Amino acid sequence: MENCAISRWDDPVEINKKLKELTSQPIWEVNDDYYQNEIMPYYDEKCKASKAVFEEAKNYIPGGVQHNLAFNKPFPMCMERAEGAYLYDKDGNQYIDFLQAGGPTILGSNYEPVRQRVLELLNTCGPVTGLLHESELMIAKEINKHMPNVEMFRMLGSGTEACMAALRIARIATGKKRIIKMGGAYHGWSDQLVYGLKIPGSRNLLESHGIPGKSYDLIDECRPNDLNMLEALLKKNKLRGGTAGILVEPVGPESGTRPVAQDYNKGVRALCDKYGALMIFDEVVTGFRVAVSGAQGYFDVVPDLTIFGKIVAGGYPAAGGVGGKKEFAQLMAAGLATGKHRAYVGGTLAANPLSCVAGTAAIQEIARTNACEIAGKMGDRLTDGLKGLIDKYGLPFVAYNQGSICHLECTGAMSFDFSSMSFIKSALGILKHKDMMYVRKDSMEKMGAAYMANGIVTLAGSRLYTSMADTPEIIDEALNRFENVFKHVAKTDKGLIK
């Protein structure tokens, strides 16, 4: 496929087997001597400005940071400059950036051609008018050009909002109410969908606080990569009014942290058709990263609705939207419509000119430069190098990738699965393993701190996004830095059920 990041598809059965082996033994992490004598001194001596900002921020910001991804052990780094494959903190330290703002900057950070288009807009129109701007049309046409299945597109402010809109559309279109999502998947933080996060089978037991239990009455959680369980839920739902939509991340929950079989999405499509449910693709991460045609192009699957975020605003704010087949997407029509039911969606700054111009420019540049394929090749190079280092040092770590979405599991903190049709059975599994999961999560953050001190920015120490700005030389330098961490890793007596 042209302009595609993925050159291979690893067997999810083999990956999950390795992850189970990882979580069945004690934690391996950087030894205490290295952590205390080399890692912590880096933060104490070379990151004083970052620490000062964080300490003051705690007086004004809950937790000291405005975004969950920014909280790193032992304290967040305060970044001052982003350029291509690098970040620079307030103390002037340089880092190889595999966070890439959480995924949206596949062209590399602060990409100049996009920046110039944004500056032109700011000099003439400003970021927002509150009325129609031609850029709204341009981004919808650009998305349709590369994803013909997205016949209509409505720009919103975030992926969270887009997920909320998709559920409303599915319910209006089908006349049904229930929604099925995959366990472990993140579809934003709305009351309905903050359910079964990170750990399949966790339902509302781990992170869904401050939300009435009834908010989840119409949400069902299914084990990832399990078509048999999915059909069982669909059959059960036929007796409860039916399923309006099935919500999936096409490479697997949590950006492929729980990988699926290559033909899984076609199996979901077939079940949607069989039971009259809308297939909703959450392409917040995969859209214009897996391929310029999205994951739907790579898997050759036609979803009914597609959710966008991240790249759809080119790394600029207000990145979100939902589109799909005209018969469904037009249910979001603005105004009073024609007396028909419609999904009420919107926002004062939704589809603002700045976001639309940046998104259009970014998608055009991704297509022009073949950014997906370039970033994907660097993802392959990084993952292959990590596998080599894991073997060299005899570590039980697991590395794999879906093109430019790379995974490095060192503790298996999020690799558990308590999926069950029985709430009681899931709850018992969570209670039994809860303390051990937090110990593993703390260790994962400790590994992330070691990577950062060696000049590598990751997402929580376990996920890495490559970009077009990465070169073979940058990847090889990153691998040298990973090796400097791996050679200090040792087996501990932590992380097992007591």
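Predicted model: local features only at pLDDT ≥ 70, side-chain atom pairs only at ≥ 80, totals over all residues.
Local features need pLDDT of at least 70 and side-chain atom pairs count only at pLDDT 80 or more, while totals for chains, interfaces and linings use all residues. Residues are numbered from 1 along each chain as its sequence is written, and side-chain values use heavy atoms, with hydrogens and water left out.

**Cores.** I looked up the nonpolar cores (sets of buried Ala, Val, Leu, Ile, Met, Phe, Trp, Tyr and Cys residues joined through side-chain atoms within 4.5 Å). Buried means under 20% relative accessible area, exposed over 50%, and partly exposed in between, with a 1.4 Å probe and protein chains only. The largest core has 108 residues, and Tyr 43, Ile 246, Phe 397, Leu 408, Phe 482 and Phe 486 touch the most other members. A second, separate core of 33 residues includes Val 118 and Leu 354.

**Aromatic pairs.** I took rings of Phe, Tyr and Trp (its six-membered ring) as paired if their centres lie within 6.5 Å; planes under 30 degrees apart are stacked, over 60 edge-to-face, the rest tilted. The count comes to 11 aromatic pairs. Trp 9 and Phe 299 pair edge-to-face, at 5.4 Å centre to centre and 85 degrees between the planes. I find Trp 9 buried at 16% relative accessibility and Phe 299 buried at 5%. Phe 397, Tyr 451, Phe 482 and Phe 486 form one aromatic cluster.

**Thr 23.** I checked Thr 23, which counts as buried because its relative accessibility is 11%. Leaving aside neighbours within four places in sequence, Thr 23 is in contact (heavy atoms within 4.5 Å) with residues including Thr 411, Phe 416 and Arg 440.
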